[in-house]
Amino acid sequence: MSSLIGFLALFISLVLNLFLLSSIPLINLSIVRFNFLIRISAILTLTSFFSLMVAYVTSDFNNFNVFQNSHSQKPMIYKISGTWGNHEGSMLLWISILSIYAFFFSFSKKIDDKLKKQTLLIQTSLHILFSLFIILTSNPFLINSVIVDEGLGLNPILQDPGLAIHPPVLYAGYVGYSIIFSLAIAGLLQKEKNNEWLYLAKKWSLISWTFLTGGIALGSYWAYYELGWGGWWFWDPVENISLMPWIAGLALVHSLLMIKGEQILKKWIIFLSILCFSLSIFGTFLVRSGILTSVHSFAADASRGLFILLIFFLITGFGFLIFLLKSPDNSGKINLLFINKVSALVINNVLMIVTTLTILLGTIYPIIVEVITNERISVGGPYFNSTVIPIMIPGFLLMSIAPVLSWQTNKIKNYRYYVIGFILISLLVLFYSYFTIFNPWGILGLILGFWIIIASFLAIILSYKLKLNFNFFKKINSHIAHIGVGIAIIGITCSSVFKNEYQYNLKQGDEFKIKNNKIIFENVETSNEKNYQALRINFVITDKDRVLSTIKAGKNYYPTSKIITTEAGILHQWFRDVYFIVGEQKNNEWFIKVYINPFVSFIWLGVIIMIYSGFIGATKR
């Protein structure tokens with residue numbers, strides 16, 4: 001019954017959106033009625049999505065999608081997350097979030113009615129395209145042709161709390177750029193000269209970028225503790241696909257800051273608005289076409305991939321065609337000096353787009369080679385580390401001083417403090433590195449991270465009067481965001497450059513030392529959980545005969561899918577993680593791998609600060 005309700009709700013929503021699109025030449029609906037119908041459409045789409053969720057929660061195996069991706073013995077959290085843990089359900093989640101954005105945008109008040117209606121019409125067109133894709137190629141409400149009593153189960157690597165919330169948060173970022181895309185195209189079509197819509201675009205771009213930041217961070221954290229390879233970023237193609245709209249979105253957010261300086265790069269802002277959403281759809285195509293090999297991939301169906309590729313070309317082609325035909329005039333004089341705020345923002349934008357294109361090339365190059373030569377190659381970490389990082393370093397250096405630059409002059413307020421601070425930090429890091437582990441990338445990363453933090457604090461101290469209230473934190477919000485970036489850079493540098501790896505063959509009762517810690521292989525435990533069998537090795541970590549913690553690491557076996565997963569054991573500390581991986585057993589000994597990952601917690605702390613700053617920035621005009 002829930003499948004029927006879900007399909008009917010989705011179909012009626014499609015018909016309603018077709019009516020809204022056709023109403024322009026036939027019926028001139030008032031903005032009030034138009035808003036009302038947009039909200040009804042959103043409610044219908046969400047009804048469809050929650051109907052699928054009900055089918056999963058109740059283990060309705062008459063639904064073919066539930067049969068393929070669920071099991072009656074799964075914990076409730078994975079029954080719920082199973083709704084979007086597959087291709088069909090995730091695409092239904094996509095248009096549900098698209099509808100939510102349209103729903104909330106329909107309440108916007110500080111916008112011309114014609115521009116608002118045009119924006120919602122473009123959003124309606126996007127809804128129609130993706131609804132047709134779901135109904136024609138990816139229907140999650142198909143009924144089983146035979147009666148079945150049990151399902152095939154969910155992919156074991158997706159049975160994780162982090163992966164339960166990762167896709168909705170990531171999609172909230174991806175799909176959020178649809179509103180910015182629609183707003184930019186509507187502004188072109190309406191030949192909007194009033195710049196009020198740019199403030200609205202700034203708000204929605206910050207919301208989208210913040211959700212995307214959270215989604216990427218959740219995915220990285222999941223990969224860190226679930227996949228068992230000791231790292232948090234692998235330059236996997238699907239990771240790269242999420243990073244591209246994130247960097248382009250960051251360029252868009254910084255470009256929209258120029259409104260404050262009344263020096264608006266309107267053409268560039270519209271270009272970035274189209275690019276961000278286009279990259280989001282392109283990423284969807286690559287993931288769901290089956291042409292990428294990745295642990296994150298959902299589908300391997302060429303027909304679905306071609307349908308999304310068609311949608312990508314339609315949306316991107318339409319967007320850039322309108323941009324070329326109706327390209328606006330910049331409404332403000334751009335005051336480019338040797339070193340002022342405008343120059344810094346423009347240079348940073350250029351560096352971000354070059355970075356995005358570099359990642360795009362590294363991601364699609366293997367696909368192009370395979371099409372031409374029928375040979376599969378891989379482009380991994382060495383390429384991206386040697387190209388992306390050097391491009392972004394000058395941008396980070398500029399970012400550290402950009403907030404204190406002037407819009408109109410070359411002057412830097414209190415520049416002596418910044419020069420002294422930069423020299424002191426550089427000397428301290430060089431001195432420390434010389435007497436420990438000399439690594440040029442490590443030195444550069446630490447100098448950069450500490451410099452961004454110190455420069456941001458200096459800017460706050462020298463430019464503002466300290467008042468611990470919400471308005472004060474809104475004023476210094478850009479500096480807070482940069483502090484988060486600096487903290488994350490320190491974490492990224494230390495966990496990548498200064499990590500240590502140890503390998504042992506151990507049996508029960510053995511012990512070994514890592515620096516000042518003694519680690520004891522205490523015992524092996526096995527247990528039968530609700531939907532898997534667990535094997536865990538208990539490691540006792542002591543420091544000078546004081547027990548710090550007992551860490552469990554091992555493997556899970558899922559009988560339904562007959563898959564074994566690695567379960568890392570991690571001792572989280574502020575300044576390091578002790579990371580355990582259990583390998584194979586041979587001759588009564590277990591192969592154990594231990595990583596010492598310094599300052600990993602700084603990555604997650606920096607991301608949390610950036611997310612906080614993003615949402616605070618969205619409340620500012």
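Over the face of which residue does Lys 203 lie? Lys 203 lies over the face of Trp 204, at 5.5 Å from the ring centre.

The model is predicted, with local features needing pLDDT of at least 70, side-chain atom pairs pLDDT 80 or more, and totals for chains, interfaces and linings using all residues. Residues are numbered from 1 along each chain as its sequence is written, and side-chain values use heavy atoms, without hydrogens and water.

**View 1. Charges over rings: Lys 203 with Trp 204 and Arg 39 with Phe 107.** A charge counts as over a ring if NZ of Lys or CZ of Arg is within 6 Å of the ring centre and within 35 degrees of the ring normal. Arg 39 sits 3.8 Å from the ring centre of Phe 107.

**View 2. The pair of Phe 271 and Phe 323.** Rings of Phe, Tyr and Trp (its six-membered ring) pair if their centres lie within 6.5 Å; planes under 30 degrees apart are stacked, over 60 edge-to-face, the rest tilted. The count is 37 aromatic pairs. Here the centres are 6.3 Å apart and the planes stand at 50°, so the pair is tilted. Phe 271 belongs to helix H10 (residues 266–289) and Phe 323 to helix H11 (residues 302–325), so the pair ties together parts 52 residues apart in sequence. Helices (H or I, at least four residues) are DSSP runs, numbered from the N terminus. Phe 323 is buried, at 13% relative accessible area; Phe 271 is partly exposed, at 23%. Buried means under 20%, exposed over 50%, partly exposed in between (1.4 Å probe, protein chains only).

**View 3. A ring cluster.** Ring pairs join Tyr 221, Tyr 224, Tyr 225, Tyr 579, Tyr 595 and Trp 604.

Conventions:
Helix = DSSP H or I, 4+ residues; strand = E, 2+ residues; numbered from the N terminus.
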